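User: I have a model open and would like to learn how to read its features. Can we go through it step by step?
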Amino acid sequence: MIKNYVRRLLPSELHYSQSPQIGLIICSDSRVSPGVYIGKPVEPGEVFISRNIGNQATYDGKNPTPEVSCMIHELDSIRRIIIGGHSDCDAVEAATLPEREFEELHYSIRQGLSLMRKRLYDVAQIEGLRKAEEENVHNQVEFIVGYLKEYDSRKVDVMGMYYDFSTGEVSVININGNRNIKSL
Ligand SMILES: [Zn+2]
C-alpha cells in the first residue's frame with residue numbers, strides 16, 4: 001500500500017518545478033486536514049503548505065517564517081495565502097496557560113509560542129479559548145497583509161479561516177485584514 005503510494009507518479013509538468021497558486025498555513029494538529037480549507041483533497045502541486053504549532057506566519061512579529069517567505073518571495077505563482085485556524089487548538093491553549101504551567105513546557109515550545117502568548121493571553125482569560133483561536137488567525141493575517149504592503153507589490157489575497165471540529169464547519173473570518181466577514 002505504502003509502496004504504491006510513494007511510487008505514485010506526478011504529472012509530468014511537476015517533475016522539475018512547482019507553481020502552486022495557494023499558500024496554506026495551518027496548525028500541526030493531526031486532526032487538521034489541509035483539504036478542509038480548500039474544500040477538497042489537496043492534489044500534488046496545488047498547495048504550498050506550512051505547518052507549525054498554532055498556524056503561525058511569524059514568530060517575532062517582524063519576519064515571516066521561512067515557509068511564508070517562500071510563498072511571498074520565491075513562488076511567483078501564489079495568488080492566495082490562507083491562514084487556517086481551528087477549534088480546540090492545543091497551541092493556543094498552551095500559549096495562554098497560567099505562568100507556572102507555561103514554564104513547565106519545553107523551552108523550544110515556549111519559544112515557538114512566545115509571540116502568541118503576548119498577544120493572546122488576555123483574550124483567552126477574558127473571552128475564552130475560541131476567541132483566542134480566532135484572534136490568532138486575525139493576527140497572522142494582519143501580519144502578512146502588513147508585510148506584503150511593505151515588501152511586495154504582487155497581488156496576493158490573504159484569507160483567514162476557522163475550522164470547527166464539533167460542527168465540521170469551515171468559516172472565512174478575515175479577508176485581507178477585514179475581520180467583518182460572516183461566511184462564504
Ligand atoms: Zn492547533
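User: Is the crossing of H5 and H6 left-handed or right-handed?

Analyst: The crossing of H5 and H6 is right-handed. Before we go on, note that this is a predicted model, where local features need pLDDT of at least 70, side-chain atom pairs count only at pLDDT 80 or more, and totals for chains, interfaces and linings use all residues. Residues are numbered from 1 along each chain as its sequence is written.

User: At what angle do the axes of H5 and H6 cross, and within what distance do they come?

Analyst: Two packed helices are described by the angle between their axes and the distance between the axes. Axes are lines fitted to C-alpha atoms, for helices over the stretch in contact, and angles run from 0 to 180 degrees between N-to-C directions. Here the H5 and H6 axes cross at roughly 150 degrees and come within 7 Å.

User: Which residues make the contact?

Analyst: Contact has a cut-off: two residues qualify if their C-beta atoms, placed from the backbone, lie within 7 Å. H5 supplies Met116, Arg119, Leu120, Val123, Ala124 and Glu127. H6 supplies Leu129, Lys131, Ala132, Glu135, Asn136 and Asn139. By type, the residues of this contact are 6 nonpolar, 2 polar and 4 charged. For that sorting, Ala, Val, Leu, Ile, Met, Phe, Trp, Tyr, Cys and Pro count as nonpolar, Asp, Glu, Lys and Arg as charged, and the others, Gly among them, as polar.

User: Let me step back. How many helices and strands are there in the protein?

Analyst: Elements are DSSP runs, numbered from the N terminus: helices (H or I, at least four residues) and strands (E, at least two). The protein has 6 helices and 5 strands. Along the sequence they follow the pattern α-β-β-α-β-α-α-α-α-β-β.

User: Why is it called as compact as a globular protein of that length?

Analyst: Compare the radius of gyration, taken over C-alpha atoms, with the globule rule, 2.2 Å times the number of residues to the power 0.38. The protein's radius is 17 Å, close to the 16 Å that the rule gives for 184 residues, so it is as compact as a globular protein of that length. Its C-alpha atoms fill a box of roughly 55 × 45 × 35 Å along the principal axes. Of contacts between residues at least 6 apart in sequence, 66% join residues at least 24 apart.

User: Which residues touch the most other members of the largest nonpolar core?

Analyst: In soluble globular proteins, nonpolar side chains tend to be buried together. A nonpolar core is a set of buried Ala, Val, Leu, Ile, Met, Phe, Trp, Tyr and Cys residues joined through C-beta atoms within 7 Å. In the largest one, with 36 residues, Ile82, Ile144 and Met161 touch the most other members. Elements giving two or more residues include strand S1 (22-27), strand S3 (80-86) and helix H5 (107-127). H6 gives the most, with 6 residues. Beyond four places in sequence, Ile82 contacts Ile22, Leu24, Tyr37, Met159 and Met161.

User: Is glycine 85 buried or exposed?

Analyst: Count neighbours: a residue is buried if 20 or more other C-beta atoms lie within 10 Å of its own, exposed if 12 or fewer, and partly exposed in between, with C-beta atoms placed from the backbone. Glycine 85 has 32 C-beta neighbours inside 10 Å, so it counts as buried. Glycine 85 sits in strand S3. Its contacts beyond four places in sequence include Asn55, Glu133 and Met161. Across the protein, buried residues make up 30% of the 184.

User: Why does leucine 10 count as exposed?

Analyst: Leucine 10 has 11 C-beta neighbours inside 10 Å, so it counts as exposed. It lies in the loop between helix H1 (2-6) and S1. Setting aside neighbours within four places, leucine 10 contacts His15 and Pro44.

User: Where is cysteine 70?

Analyst: Cysteine 70 is in helix H2. It is partly exposed, with 15 other C-beta atoms within 10 Å. Beyond four places in sequence, cysteine 70 touches Phe48 and Leu75. The C-alpha atoms of cysteine 70 and phenylalanine 48 are separated by 9.0 Å.

User: What is phi of aspartate 88 near?

Analyst: Phi of aspartate 88 is near 55 degrees, a positive value in a residue other than glycine. Aspartate 88 lies in the loop between S3 and H3. Asparagine 176 also has a positive phi, about 50 degrees, and is found after strand S5 (170-175).

Notes:
Left-handed = near helix turned anticlockwise from the far one by under 90°.
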